[in-house]
Amino acid sequence: EFADGREGGVVSVTVREDATIGDVKQALADHMGSEKVLREAKIVRKQGAGLVSFKDDERLGNRRKLLVLGVEFVAGAKGPSAEEPPKLTVEEALALQQDLLEAFNDEVFQQTLRDLHKRLERKDPVRFKAERQKHFLT
């Protein structure tokens, strides 16, 4: 369990029993969906009146609660699911591809795409790309 130094900023991750602090940081980065954690997070402990960083190769040992600095936990975030694409079965992915293929092959869709090309591709390439993307997403 991590605290980010602010009230309420707590995240839990699971690691192997023989994990190092580096392994814990990797688990936190995976959970948060951000490699920034590996570069900027400092896992620290109290020492006297101050804080001292753990080294990445130091064993976690029996520690279960850690303080991390340099990373802000977003309240209510559920870890990677906030940024991770939804998981699909092979059948669901194939059905989605089939739906897209049918929609993109539709004559009205294709005619609108041809019209966009004629009107904007050379005159205003930036607007063309934006309009094309909008068309693909509708």
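The model is predicted; local features need pLDDT of at least 70, side-chain atom pairs count only at pLDDT 80 or more, and totals for chains, interfaces and linings use all residues. Residues are numbered from 1 along each chain as its sequence is written, and side-chain values use heavy atoms, with hydrogens and water left out.

The protein holds 5 helices and 5 strands. Helices (H or I, at least four residues) and strands (E, at least two) are DSSP runs, numbered from the N terminus. Their order along the sequence is β-β-α-α-β-β-β-α-α-α. The protein has 138 residues, of which 22% count as buried. Buried means under 20% relative accessible area, exposed over 50%, and partly exposed in between, with a 1.4 Å probe and protein chains only. Contact means heavy atoms within 4.5 Å. Among contacts between residues at least 6 apart in sequence, 51% join residues at least 24 apart.

The largest nonpolar core has 14 residues. Such a core is a set of buried Ala, Val, Leu, Ile, Met, Phe, Trp, Tyr and Cys residues joined through side-chain atoms within 4.5 Å. Leu28, Val37, Ile43 and Leu66 have the most contacts inside this core. Helix α1 (21-32) and strand β5 each supply at least two of its residues. The largest share, 5 residues, comes from α1. Beyond its neighbours within four places in sequence, Val37 is in contact with Lys25, Leu28, Ala29, Met32 and Val71. In soluble globular proteins, nonpolar side chains tend to be buried together.

Strand β5 spans residues 66-69. Its side chains alternate. Strand β3 (residues 42-47) pairs with β5 in the antiparallel sense over 3 bridges. Two strands pair if DSSP finds at least two bridges between them. Val44 has Leu67 of β5 as its bridge partner. Lys46 also lies in β3. Lys46 is exposed, with a relative accessible area of 74%. The C-alpha atoms of Lys46 and Leu67 are separated by 9.1 Å, and the two residues are 21 apart along the chain.

Helix α3 (residues 90-105) packs with α4 at an angle of about 60°, with their axes 5 Å apart. Axes are lines fitted to C-alpha atoms, for helices over the stretch in contact, and angles run from 0 to 180 degrees between N-to-C directions. Helix α3 is therefore oblique to α4. Angles under 35 degrees count as roughly parallel, over 145 as roughly antiparallel, 65 to 115 as roughly perpendicular and the rest as oblique. In this contact, Ala103, Phe104 and Asn105 of α3 meet Glu107, Phe109 and Gln110 of α4. These residues divide into 3 nonpolar, 2 polar and 1 charged. Ala, Val, Leu, Ile, Met, Phe, Trp, Tyr, Cys and Pro count as nonpolar, Asp, Glu, Lys and Arg as charged, and the others, Gly among them, as polar.

Phe104 is partly exposed, at 29% relative accessibility. Not counting residues up to four places away in sequence, Phe104 touches Phe109, Gln110 and Phe136. Phe104 and Phe136 are 32 residues apart in sequence and 8.1 Å apart in space, C-alpha to C-alpha.

The axes of α4 (residues 107-120) and α5 (residues 125-136) come within 9 Å and cross at roughly 170°. Helix α4 is therefore roughly antiparallel to α5. The residues of this contact divide into 7 nonpolar, 3 polar and 3 charged.
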